[in-house]
Amino acid sequence: MSNKPLAPPAQQTISDKPQAMTDKRQAILDTALTLFVSQGFHSTSTASIAKQAGVATGTLFHHFATKDALMECLFLSIKQEFADALLLNHQQGDDLKQSARQLWQSAIDWSLANPIKQLFFQQYSMSPMIAPPIREQAMHSILGFIAKLIEQGQSAGLIAAYPLPLMLENCHGQYLAATRFFIDHPQLGQDKAHRDASFALFWQAMAAPRGAS
């Protein structure tokens with residue numbers, strides 16, 4: 001009879017549980033994204049989200065106390081993904097306009113690579129479904145580097161010296177307008193002339209008036 005010690009019993013149920021819960025949470029978020037975009041927030045029930053995600057309704061409420069809480073988490077998580085993508089290859093240099101151009105083009109690239117998430121932004125970024133404190137968290141915390149870039153440009157006299165909150169809303173509106181155009185005309189998404197024009201329009205809206213000091 002062999003004296004080789006027996007291997008300890010597998011404990012997959014215990015060790016895999018956190019991962020399984022994470023997977024279920026992500027499945028709920030992914031499904032909510034699809035349904036909120038295709039059906040609208042009010043027409044999408046938590047039961048339908050749970051069913052399509054392959055989880056029990058109780059599991060959904062374990063992760064998200066309400067449908068509003070699910071929407072807020074989805075909004076912030078996509079905003080964080082968006083911000084991470086913008087910063088991934090961004091290198092802050094002395095040329096502020098070039099830095100802004102790089103961020104802008106990265107933002108357009110992200111929207112083209114993630115059309116459902118961009119449609120979610122189009123539908124809900126300025127919607128009353130997203131409470132003002134959540135929008136402010138996204139703009140000032142997750143995307144705080146954009147505010148810093150605007151402030152640098154204002155200090156250098158390159159960007160109009162208007163109130164920062166108004167400038168941020170204008171910046172956001174310019175992005176939504178440009179990505180709406182490219183969503184409606186996907187064949188132009190990689191057209192250099194249109195991409196360059198989209199940044200030129202953005203920069204003109206943000207730039208300090210000529211002759212201003």
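Mentor: Angles under 35 degrees count as roughly parallel, over 145 as roughly antiparallel, 65 to 115 as roughly perpendicular and the rest as oblique. Please bear in mind that this is a predicted model.

Trainee: At what angle do helix α5 and helix α6 pack, and how far apart are their axes?

Mentor: Two packed helices are described by the angle between their axes and the distance between the axes. Here helix α5, residues 67-88, packs against helix α6, residues 96-113, at an angle of about 130°, and their axes are 9 Å apart. The two helices, α5 and α6, are therefore oblique to each other. Their crossing is right-handed.

Trainee: Which residues of α5 and α6 meet?

Mentor: From α5 come Ile78, Glu81, Phe82, Ala85 and Leu86, and these meet Leu103, Ser106, Ala107 and Trp110 of α6. By class, the residues of this contact are seven nonpolar, one polar and one charged.

Trainee: Which residues lie nearest the centre of the largest cavity?

Mentor: Its lining comprises 20 residues, and Leu86, Trp104, Ile146, Cys171 and Phe202 lie nearest the centre. The elements that each give two or more residues to this lining are α5, α6, α9 (144-155), α10 (164-184) and α11 (192-206).

Trainee: How is the lining of the largest cavity divided by class?

Mentor: The lining has 18 nonpolar residues, one polar and one charged.

Key: Residues are numbered from 1 along each chain as its sequence is written. This is a predicted model: local features need pLDDT of at least 70, side-chain atom pairs count only at pLDDT 80 or more; totals for chains, interfaces and linings use all residues. Side-chain values use heavy atoms; hydrogens and water are left out. Axes are lines fitted to C-alpha atoms, for helices over the stretch in contact, and angles run from 0 to 180 degrees between N-to-C directions. Helices (H or I, at least four residues) and strands (E, at least two) are DSSP runs, numbered from the N terminus. A crossing is left-handed if the near helix is turned anticlockwise from the far one by less than a right angle, and right-handed if clockwise. Contact means heavy atoms within 4.5 Å. Ala, Val, Leu, Ile, Met, Phe, Trp, Tyr, Cys and Pro count as nonpolar, Asp, Glu, Lys and Arg as charged, and the others, Gly among them, as polar. On a 1 Å grid over the protein atoms alone, a cavity is a set of points where a 1.4 Å probe fits but cannot get out, and a pocket is an open set with protein on both sides within 12 Å along at least five of seven lines; lining residues have an atom within 4 Å of a point.
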